[in-house]
Amino acid sequence: MTNHWIDIQHADVIMMIGSNAAENHTISMKWINKAIENGSTLICIDPRYTRSASLAQIYGPLRSGTDITMIGGIINHALKNDKIHKEYVINSTNASFLINPGYGFDVEKGVFSGYDEAKRSYKKETWSYQLDGAGNPLRDMTLMDPNCVYQLMKKHYTRYTPEMVSGITGCPKDVFMKIAETFTATSAADKVATIMYAMGTTQHTVGTQNIRSYAMLQLLMGNIGKAGGGINALRGESNVQGSTDMALLYNTIPGYLKSPGPGDTDLATYIKNITPKTNDPKSANWLSNSSKYITSLLKSWWGEHAQKDTEGGFCFNYLPKGEGWMDHITLFEQMYAGQFDGMLVWGQNPAVGGPNLQKESIAFEKLKWMVVVDLWEHETATFWKAPGVKTADIKTEVFLLPAASSMEKEGSIANSGRWVQWRYAAIKPGDPGWHNDARSDLWIVDSLFKAVKAEYEKTPGKFAAPVVNLNWDYGTGKTLDLHKEPDVHKVAREINGYLIKDGKPAGQAPAFGVLKDDGSTACGNWIYSGSYVGWNSKEGKKSDTHFVKNSAGEFSNRLAKRINEKDEPAAQKLIQQGRASGMHLNWSWCWPVNRRIIYNRASVDMKGDSFDSNKWVIRWNPALDSGKGAFEGDVPDGPWAPGTKHPFIMVAEGYGRLFAAGLLDGPLPEHYEPVESPFGKDNPLNGMAFNPAILQYWKGTKLQCELNSIGECALFPIVATTYRLSEHWQAGAMTRNQPWLTELMPDFFIEMSNELAEKIGVKNGSKVKLSSARGNVTAFALVTHRFKPFNLVDKQGKNMVVHQVGIPWHFGYQGIATGASANMLTPHVGDANTNIPEYKAFLCNVVKA
Amino acid sequence: MKTSINQKGFLIDGTKCIGCRGCQVACKQWNELPAEKTEFFGGPGYQNPAHLSSKTYTLIKYREVMKDGKLKGWVFHKDQCQHCLEPACVSACIVGALEKTASGPVVWEDKKCIGCRYCMLACPFNVPAFEWSSINPDIRKCTLCSDRIENGLEPSCAKACPTKAIIFGDRNSLIKIARNRLKSESAKYHQHIYGEEEAGGTCILNISSIPLEDFGYPKNLPKTAMASFTQPALRSIPGAVIGLGAALGLIAFIANMVKGDEKDSSGQGDRS
Amino acid sequence: MNNKKIDFSGRGMKLLLALIGLGGLLIVVRFIFGLGSVSNLSDGYPWGLWIGVDVLTGVALAAGGFTIAAAVHVLGLKKYHSVIRPAILTALLGYIFVALGIIVDLGRGWNIWHIIVFWNRDSVMFEVAWCVLLYSTVLALEFAPVFFEEFKLTAWEEKWDKYAPWISILLVSWFVFVMSGIPWYAGITFIILAACWFLFRNKLPRGSTVILLIMAGIIFSVQHQSSLGSIFLIVPTKLSTLWYTPYLPVNFLISAITVGLAMVIFESTISSRVFGVGLEDDVVKGLARVLPWAVLATAVVRAATLFQATGFKLDASGGQLASFFLEIIVGTVIPFIMLMFMGAGKSAKIIFYASAMVVIGVVINRINVSIVGIKIDGYPVYVPHIGEILITLGIISTGLLAFYIVCIKLPVFGKR
Ligand SMILES: Nc1nc2c(c(=O)[nH]1)N[C@H]1C(S)=C(S)[C@@H](COP(=O)(O)OP(=O)(O)OC[C@H]3O[C@@H](n4cnc5c(=O)[nH]c(N)nc54)[C@H](O)[C@@H]3O)O[C@H]1N2
Ligand SMILES: Nc1nc2c(c(=O)[nH]1)N[C@H]1C(S)=C(S)[C@@H](COP(=O)(O)OP(=O)(O)OC[C@H]3O[C@@H](n4cnc5c(=O)[nH]c(N)nc54)[C@H](O)[C@@H]3O)O[C@H]1N2
Ligand code: SF4
Ligand code: SF4
Ligand code: SF4
Ligand code: SF4
Ligand code: SF4
Ligand SMILES: [Mo]
């Protein structure tokens, strides 16, 4: 989230699209309710009428997989009717930037310039700015140049007429117009809209472009950086924000630094490759500091071994240099092809949550061993005894390690709003009377590492150095100790980073500003620098209480701060002067540098005055800093005086990117149908059926084609989507083992319209059989008015009625509440940029069981 | 029973409720109630179980609202004991096992109950529930978490509600809040505070976008306490007994004595 | 009844014993596994067959006791004296088995004594309970002489003569106190009844003993027969307007009197066959002459109150309407026609069948009020479980058996 949950209350318009926050992020509704009480409008755009929609003033139905069309239509409406925040668009976005005249979009073919059909990828040369002599982008402040981003967008989106939007999405035209008008009304300087999105947006072959389209719309409205604005990804698992910050995904290392690849032959090369460049002195280009962050990270990992010229520089070559995709689908394709010996399944249950379970459950069988670390013996841990499986044929050895739950562990957790909060253990896993077998994940990692290291020390093998040299001391000694839990504060302090003097730690880093690329600082994750600042050896002992302050009177562990702004006179004074409430600057800590609303420099004009004086985020106060002037309010995106630096400090040019070359599948979002589309191959908007830059795991090697068929719309005419319910959690182990929740939702069911039910002759509560090209499942039918067939118009202009069904994906065969898994139906098909599975739009057929 | 000023209660605002059922689970958790065995759904929408019971003190009901054949909304309602100001159940209970406490909650006393279930019949909202498979069955229902209230906590369901659809407080101030909401967002609400007057008034006040009757609440529920229907009959009894005694004496006197000392025709003259 | 031997060999008797055994077994099951194990009662329909039939109907059918007693002793219609004892026995046994039904039905029957200790004057049920309790005492006193006679307990008879009137007076006064909580109300009651005692002392056969007992019995009966109707006053939104009226207690009382008369005819006709005692023709004929007017009166009051409650705007389901018409046709229209126009004056058969229909009509009425008339949204409509039916049959059979035994063993039908 650019903003945070509490901030939603400040929005004039809330557009919930691709999210069902009422069911999946219930607490957000408290703030939405508050906003509605104050007169805000909630727009909910979802294929089905959800519990979120029940609170919405405007509900816009749309067929799964058509968000770009919907948003494209709104963008078209805004551009056509001049419903944009002009001042913002010119000063804070790249709308005025001139683009390479070679750039273009070929509507007939449905591809952007530079497409290489053989490689199914783009050469991006033409997706670039025209530069002036100094190497800075050329601009046309009048926005009239046909090659400026603004004009290119205008041209691109003219095809997205209300009729087209309605024909593709199925959203009635009048509803669409109402949405467009309501949303674009926030182009007024003092009106603001927020966009809340989640998996309804991302789990598509165009998932990343979906998000791009939301972000662009918000830039046009001038809604980013403001209170009540922003583009808010509602994160999923409770600490998924923290996990991504810490590089859960294969393409980053901590702090969102890019994972090194084969081309990064040494540290210097890597730094060159990852550091964006600009010649514009007014661009802060924050990532020009990347060298400091990577060096400090290496220092933190390999300590004294990491010297300036060891192993490619600070042991850089200890890092793996992976090549190609290593996402979930790819890993399972490789596993299916027998390329893995073993797998650690750590706090997840892919036997329910993974796409195309037909294929993935066979992939498990190819493993020699599997270690499951979980609270429950879930479907993955028991894949070898799943119904219909021949246990005797499976050779995989499965180990189940009982993990301690979140209530049993102290540590930090990062929420969607980037607030990193310290929590305490309610009870320890080793406490008497408690189940003593479970251990914290940290204990398991610590022990596992020590054991691995011991093995390497015994028989060094090929490349032992990264392991044996790793800086590893979390207070449990050198050998395995069953009863000693690692010190989580030591971990937190390492993440924050520290200064090094004479090869020894010399105090905590106060913020990432002090990090250096000469080996004099270490930092586990630069964006968390400043979170745990006040430690010295003496304080360490009492640091478990959050009120411990360091010698400078600061909190040692800022994550543990719990001061409500209601109790802060200074904050209250600013709120009286119009600062948005609910920022809670002294409640926990927020990365980066405790900034609650990122890109907040965009919320002020060139003079430093907020566009909205009633709920401002930051504003320039010339009286501060002994008359030199400073921003007050939130922590600004850099201290520089207004007008002296461009607002978007994380990109090289310093401007919000309406046109962006970063993605693999186009600089502007364009509508492509899902791989399985009711239109078949005929995309009404352009000549390309589905995203031309995605991986095709249903083509290529024989193994890839196996069990991953793509369905024809003639055989599978019904659109299907999968989603969550308030009452269950994810792959279900945590809730389907819980009697109270099982009581609420005991059985696997699917939702469908009365019209479809009538057509196939079923009633509410009947059993139905769903099939896709991959597999089939049986479920109860919940027949409801909340689903309605879509009236679409195909490429030839013919009207067609398309049905959609909804499938909760939480079920499996373990636990109390059992049922078929929706993922028996889903394909190994993913987004062009991330390969996140297209869980949200595929085709199926439904018949009476 | 006098309505005390500081009776506590809930304002349940259906327009803020998202049907998440956090309240339903929180209630089970605090009251240590077991789960019920359910299949598919026990009512419209996601409703489960089918009704309140000895294991379920509160329940979210779901209604799809249609207008001209089109879906107009999906509305949720939290069903539970309404903690009537003058409860039918309390007046009905033969041994006074149900009690209206001064602070609002209507609670049941294990010691006294004889299990006659008249309270269940009497309650216009079908709230009290019985343990049908117990040897020593209890009457069970929402207690307004009186045990929590007594210790300065708000009831479990209200605490759990993420949207503030349930607010706990003094009945009088809740009525004010409800009136304000009906006025300031008038289009959103069905203009009625259910519980302000129903059955003589209840501690639970409900506002919603649709009439509560659409959730199965009784139609034409009188504004007077349910007990007002039995009280006249009951109150007349002592007088009736006295009158009847005198009348019978008089008639017997006239019939047996004034008419003359008629001989016992059966000749039995015995004691019957 | 000279041999005083009970014959257990007849087919009817075997059936009775079988039903009693089965019922007893199911009652054991009920007390081990809870009410749910043998009934279809639910949180929506907490009351079923046992309340509707065993209790409500049982009490109504026992109304013969006070009706005849009133006729004989208060109105001085001495010719009906011969049916008094059987009527009172019916009533007494009726109440004992009502109590049995209640114990089976109560969730915690062992706490039944709580009604004596924990008072809730606001509860109709509380009033009914006290009434029934006190009336049963009175009934026992009324029936006691039969024992004394049989077992020649002369000393007891004397004591009975002496104390029974005062016990009656005290019971009624106590009841007034229980219901009002006001001592001087009880005082007034005491004074009025004591005055009656004084008035009738030495004037009537057996002095004022019998008359005071009978008066107490009538008072309690009138109260609780009507209060059984009051019980349902608290469910105006649940009970269909076909039956709900603020005058439910009046309806209940008057129909109880009617069914009391019918029951006496019905039961003495059967007894006369079973026990071979000659029925005095003019007793039955006399009752049969009154019965149609009682039926008519019941119907008129019912119609008036129905109209008063609804203005004939009915709120009822199809099933309820059907059951309503069944009740009216079986219980009112047909017997009225039979008694008035079909030569009831001559035919004992017609009288018997007509009174049987009146009885059935009231049974249906009580079932209608307590079961059919009540509809609760969201619960499957209550249909009695076979267990409930068998237990009810068992209880009724026990009642019949007891009646049979008592009639054989004790001089119920006059002195021998
Ligand atoms: N109770 C509960 N809460 C959860 C979770 C849970 O399992 N249970 N999971 C957590 C996790 S990990 C995550 S990632 C989040 C996910 O949170 P959400 O993204 O809100 O979850 P979903 O229900 O998968 O999808 C949201 C909505 O997208 C809609 N949708 C489907 N296709 C499309 C489309 O093409 N366009 C648009 N606009 N909408 C579409 C679906 O109908 C659905 O209502 O929830 C988190 N919160
Ligand atoms: N069809 C379809 N499939 C989907 C999705 C969809 O929308 N549609 N959504 C996808 C998304 S967004 C996600 S995030 C994934 C989620 O998929 P998973 O991550 O596989 O699902 P979870 O059930 O959350 O698995 C978490 C496991 O961690 C365990 N656990 C809980 N706490 C701890 C702990 O402290 N330590 C350890 N070691 N274990 C713990 C739980 O018991 C649980 O088994 O599913 C994906 N799958
Ligand atoms: S962390 Fe827990 S209490 Fe807080 S909002 Fe999320 S679910 Fe609610
Ligand atoms: S709702 Fe029913 S149970 Fe609750 S207090 Fe009122 S009458 Fe009693
Ligand atoms: S069941 Fe218990 S609480 Fe209910 S009325 Fe009877 S005695 Fe009172
Ligand atoms: S007040 Fe307490 S007992 Fe009543 S519904 Fe809420 S949590 Fe349950
Ligand atoms: S917890 Fe609140 S929002 Fe959720 S169902 Fe209950 S009342 Fe509604
Ligand atoms: Mo997720």
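Biologist: Which strand does A:Thr252 lie in?
Modeller: This is a predicted model, and in it A:Thr252 belongs to strand β10 of chain A, residues 252-253.

Biologist: Is A:Thr252 buried or exposed, and why?
Modeller: A:Thr252 counts as buried because its relative accessibility is 16%, and buried means under 20%.

Biologist: Which residues does A:Thr252 touch, not counting those up to four places away in sequence?
Modeller: With those left out, A:Thr252 touches A:Ala247, A:Leu257, A:Lys258 and A:Ser259.

Biologist: What is the average pLDDT of chain A?
Modeller: The average for chain A is 95, and 97% of the residues score at least 70.

Biologist: Where in chain A does pLDDT stay under 50?
Modeller: That applies over residues 536-547 of chain A. For this stretch the model has 20 contacts beyond four places in sequence.

Biologist: Which way do β1(B) and β8(B) run, parallel or antiparallel?
Modeller: They run antiparallel, and 5 bridges join β1(B) to β8(B), residues 166-170. Within that pairing, B:Phe10 has B:Phe168 of β8(B) as its bridge partner.

Biologist: And in which sense do β1(B) and β9(B) pair, parallel or antiparallel?
Modeller: Strand β9(B), residues 204-207, pairs with β1(B) in the parallel sense over 4 bridges. Here B:Leu11 is partnered by B:Leu205 of β9(B).

Biologist: Now ligand 6. How many residues surround ligand 6, and which are the closest?
Modeller: There are 13 residues around ligand 6, and the closest are B:Cys27, B:Asn31, B:Cys142, B:Cys145 and B:Cys157. Two elements of chain B, α1 (22-31) and α5 (156-160), each give two or more residues to this shell.

Biologist: What is the shell around ligand 6 like by class?
Modeller: The shell has 8 nonpolar, 4 polar and 1 charged residues.

Biologist: One last topic, chain C. At what angle do helices α2 and α10 of chain C pack?
Modeller: Helix α2(C), residues 49-61, and helix α10(C), residues 248-275, pack at about 65°, and their axes are 7 Å apart.

Biologist: Which residues make the contact of α2(C) with α10(C)?
Modeller: From α2(C) they are C:Leu56, C:Ala60 and C:Leu61, and from α10(C) they are C:Phe252, C:Ala256, C:Val259 and C:Met263. By class, this contact has 7 nonpolar residues, with no polar and no charged residues.

Technical notes. Residues numbered from 1 in each chain as written. Chains lettered and ligands numbered in written order. Predicted model: local features only at pLDDT ≥ 70, side-chain atom pairs only at ≥ 80, totals over all residues. Heavy atoms only, no water. Near = heavy atom within 4 Å. Nonpolar A, V, L, I, M, F, W, Y, C, P; charged D, E, K, R; others polar. Axes fitted to C-alpha atoms, helices over the stretch in contact; angles between N-to-C directions. Contact = heavy atoms within 4.5 Å. Buried < 20%, exposed > 50% of the residue type's maximum accessible area, 1.4 Å probe, protein only. Pairing = 2+ DSSP bridges. pLDDT = per-residue confidence, 0-100.
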